Amino acid sequence: MAKTATAGEMRTRITIKKLTSAIDPDGYGTEVWVNILPGMTRCKWVSAHGKDVIENNRLNLGQFATITLRYTPLITPRCRVWHEDDEQTDANAWEVVSVNDPEDRHAFIECTLRKMVAA
């Protein structure tokens, strides 16, 4: 069965950015994070829980979460996600580990996120 989310479940607001090349005012090449979707996007956010959390802590893998949102082909593993309440710094960024289009229906997209936790 396909992963879906109702409008009421998609209450978490996130910002999704992608690393792109740019030129700074001095004419040098640089990389900057640019929004790939206008403003904040709503999604269903499910944090890892139970045995997964204990195993991830033991292996020092960081925190994991899964988000479900409306389909867009713009999200790739090169993107980063910020929760609406977090300051948009590298320390608060969630890395996109995997992107899944359930049953290839282009209705929803499911992303697995990882946030490294400072020990």
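Mentor: A residue counts as buried when its relative accessible area is under 20%, as exposed when that area is over 50%, and as partly exposed in between (1.4 Å probe, protein chains only). This is a predicted model, in which local features need pLDDT of at least 70 and side-chain atom pairs count only at pLDDT 80 or more, while totals for chains, interfaces and linings use all residues. Residues are numbered from 1 along each chain as its sequence is written, and side-chain values use heavy atoms, with hydrogens and water left out.

Trainee: What percentage of the 119 residues of the protein count as buried?

Mentor: The total is taken over all residues. Of the 119 residues, the buried part comes to 29%.

Trainee: Which element of the protein has the lowest mean pLDDT?

Mentor: pLDDT is the predictor's confidence in each residue, from 0 to 100. The protein averages 86, and 87% of the residues score at least 70. Where pLDDT is low, the predicted coordinates should not be read in detail. Strand S6 has the highest mean, 95, and the lowest, 65, belongs to helix H1 (residues 51-59).

Trainee: In what order do the elements run from the N terminus on?

Mentor: Helices (H or I, at least four residues) and strands (E, at least two) are DSSP runs, numbered from the N terminus. The protein has one helix and seven strands. From the N terminus on, the order is β-β-β-α-β-β-β-β.

Trainee: What share of the contacts with a separation of 6 or more comes from residues 24 or more positions apart?

Mentor: A contact means heavy atoms within 4.5 Å. Among contacts with a separation of 6 or more, residues 24 or more positions apart account for 58%.

Trainee: Which residues touch the most other members of the largest nonpolar core?

Mentor: A nonpolar core is a set of buried Ala, Val, Leu, Ile, Met, Phe, Trp, Tyr and Cys residues joined through side-chain atoms within 4.5 Å. The largest one has 17 residues, and those touching the most other members are Ile14, Ile16, Trp45, Ile67, Leu69, Val81 and Leu113.

Trainee: Which residues does Ile67 touch?

Mentor: Ile67 is one of the core residues that touch the most other members. Not counting residues up to four places away in sequence, Ile67 touches Ile14, Cys43, Lys44, Trp45, Ile109, Glu110, Cys111 and Leu113.

Trainee: How far from Cys79 is the nearest cysteine sulfur?

Mentor: Cys79 is in no disulfide, and the nearest cysteine sulfur, that of Cys111, is at a distance of 8.3 Å.
Cys79 is buried too, with a relative accessibility of 0%, and the distance asked for is 8.3 Å.

Trainee: How many salt bridges are there?

Mentor: Side chains of opposite charge can pair when their charged atoms come close. A salt bridge here is a side-chain nitrogen of Lys or Arg within 4 Å of a carboxyl oxygen of Asp or Glu. By this rule the count is three.

Trainee: Which residue forms a salt bridge with Glu95?

Mentor: The closest N and O atoms of the pair Glu95 and Arg114 are 2.9 Å apart. Glu95 lies in strand S6 and Arg114 in strand S7, so the bridge ties together parts 19 residues apart in sequence. Glu95 is partly exposed at 26% relative accessibility. The partner of Glu95 is Arg114.

Trainee: Which side chain meets that of Lys44 in a salt bridge?

Mentor: The N to O distance of this bridge between Lys44 and Glu9 is 3.6 Å. Lys44 sits in strand S3 and Glu9 in the segment before S1, 35 residues apart. Lys44 is partly exposed at 25% relative accessibility. The side chain that meets Lys44 is that of Glu9.

Trainee: How far from Lys115 is the nearest side chain of opposite charge?

Mentor: Lys115 is in strand S7 (residues 108-115). Lys and Arg count as positive and Asp and Glu as negative, with His and the chain ends not counted. Lys115 is buried yet has no salt bridge, and the nearest side chain of opposite charge, Asp86, is at 4.2 Å.

Key:
Disulfide = S-S within 2.5 Å.
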